[in-house]
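Please examine the sequence and the structure shown below before reading on.

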Amino acid sequence: MSRDAHALAWPAGPVPAGAPLIRLEGIHKWFGDLHVLRGIDLDLAQGQVLVVIGTSGSGKSTLLRCIDMLEEPSAGRVWFKGRDITDVRVNLNEVRTHMGIVFQAFNLFPHKTALGNITLALEKVLHMPRAQARERAMEELAHVGLSHKADNHPGQLSGGQQQRVAIARALAMRPDLILFDEVTSALDPKLVAEVLEVMKRLASEGTTMVVVTHEMAFAREVGTHLVFMDEGVIVEQGEPKVVFDDPQDERTRRFLSQVL
């Protein structure tokens with residue numbers, strides 16, 4: 001069934017009182033015979049930093065992509081700001097203007113400058129006047145410490161700088177939520193710190209984030225809630241320091257002993 005882009009207007013304003021920003025209910029995802037997510041239930045409140053850890057193939061990135069419906073769940077529902085966005089009548093393009101996502105690959109347009117990569121969506125999606133889009137883009141480049149690189153093309157930037165431009169691009173849309181999918185995994189270890197520093201600053205400013213990461217120190221220090229996944233299920237969750245110091249499940253203990 002195709003989605004009707006006009007049937008349900010996206011609600012403006014804050015999250016309804018008492019409702020989480022994001023709620024996942026019974027999320028399953030199959031790719032053919034492969035059962036990647038097996039009944040995920042999860043809430044995320046505004047201002048939280050949810051960190052998701054686990055081995056490769058445990059379903060972490062698929063979970064992230066189900067949150068903004070880049071992957072539509074095979075079963076279950078995703079609620080965002082009190083609205084069921086798995087409802088076929090919801091305009092997902094409109095919903096995604098309220099969620100930012102930053103991938104492991106930078107996904108920057110090589111023929112556009114750092115500034116142009118950010119203003120593109122502001123002008124084309126939000127229909128913002130060019131001068132206003134440029135002003136906001138420069139503000140977000142300054143936010144990630146790259147205002148001096150505004151006129152550089154991606155090929156003239158380091159991997160860490162390109163990733164910071166990608167973060168600035170997401171921030172420029174003024175989203176309610178930003179999703180980070182292993183954004184430091186493709187970086188040289190020397191460049192990881194500069195990206196994590198930006199993410200730490202966003203967390204301190206109250207930005208709501210879901211972060212799939214292998215950076216355990218970041219997860220422990222910055223996360224407000226931690227989820228450990230294995231074979232498509234949430235094995236254990238809680239306050240990061242508690243889970244790191246006293247994991248209750250043998251699979252969590254085994255994983256942490258390997259990565260710490």
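Two cavities of 30 Å³ or more are counted in this predicted model. A cavity is a set of points, on a 1 Å grid over the protein atoms alone, where a 1.4 Å probe fits but cannot get out, and its lining residues have an atom within 4 Å of a point. Grid points are joined across faces, edges and corners, and a volume is the space filled by probe spheres set on the points. The model is predicted, with pLDDT of at least 70 needed for local features and 80 or more for side-chain atom pairs, whereas totals for chains, interfaces and linings use all residues. Residues are numbered from 1 along each chain as its sequence is written, and side-chain values use heavy atoms, without hydrogens and water.

| Cavity | Volume | Lining by class |
|---|---|---|
| Largest | about 40 Å³ | five nonpolar, four polar, two charged |

Among the residues lining the largest cavity are Val183, Met199, Val211 and Val212. Helix α6 (189–204) and strand β8 (209–212) each supply at least two residues of this lining; helices (H or I, at least four residues) and strands (E, at least two) are DSSP runs, numbered from the N terminus. The lining of the second largest cavity includes Ile22, Leu42, Asp43 and Val210. Strands β1 (22–31) and β2 (34–44) are the elements that give two or more residues to that lining, and β2 gives the most, with three.

The next topic is the nonpolar core, a set of buried Ala, Val, Leu, Ile, Met, Phe, Trp, Tyr and Cys residues joined through side-chain atoms within 4.5 Å. The largest core has 50 residues, and Leu141, Ile167, Phe180 and Met199 have the most contacts inside it. A second, separate core of 29 residues includes Leu37, Phe80, Val212 and Met229. Leaving aside neighbours within four places in sequence, Phe180 is in contact (heavy atoms within 4.5 Å) with residues including Ile167, Met199 and Val212.

Not counting residues up to four places away in sequence, Gln163 touches Val102, Phe103, Gln104, Phe106, Val183 and Val195.

Technical notes
Buried means under 20% relative accessible area, exposed over 50%, partly exposed in between (1.4 Å probe, protein chains only). On a 1 Å grid over the protein atoms alone, a cavity is a set of points where a 1.4 Å probe fits but cannot get out, and a pocket is an open set with protein on both sides within 12 Å along at least five of seven lines; lining residues have an atom within 4 Å of a point. Ala, Val, Leu, Ile, Met, Phe, Trp, Tyr, Cys and Pro count as nonpolar, Asp, Glu, Lys and Arg as charged, and the others, Gly among them, as polar.
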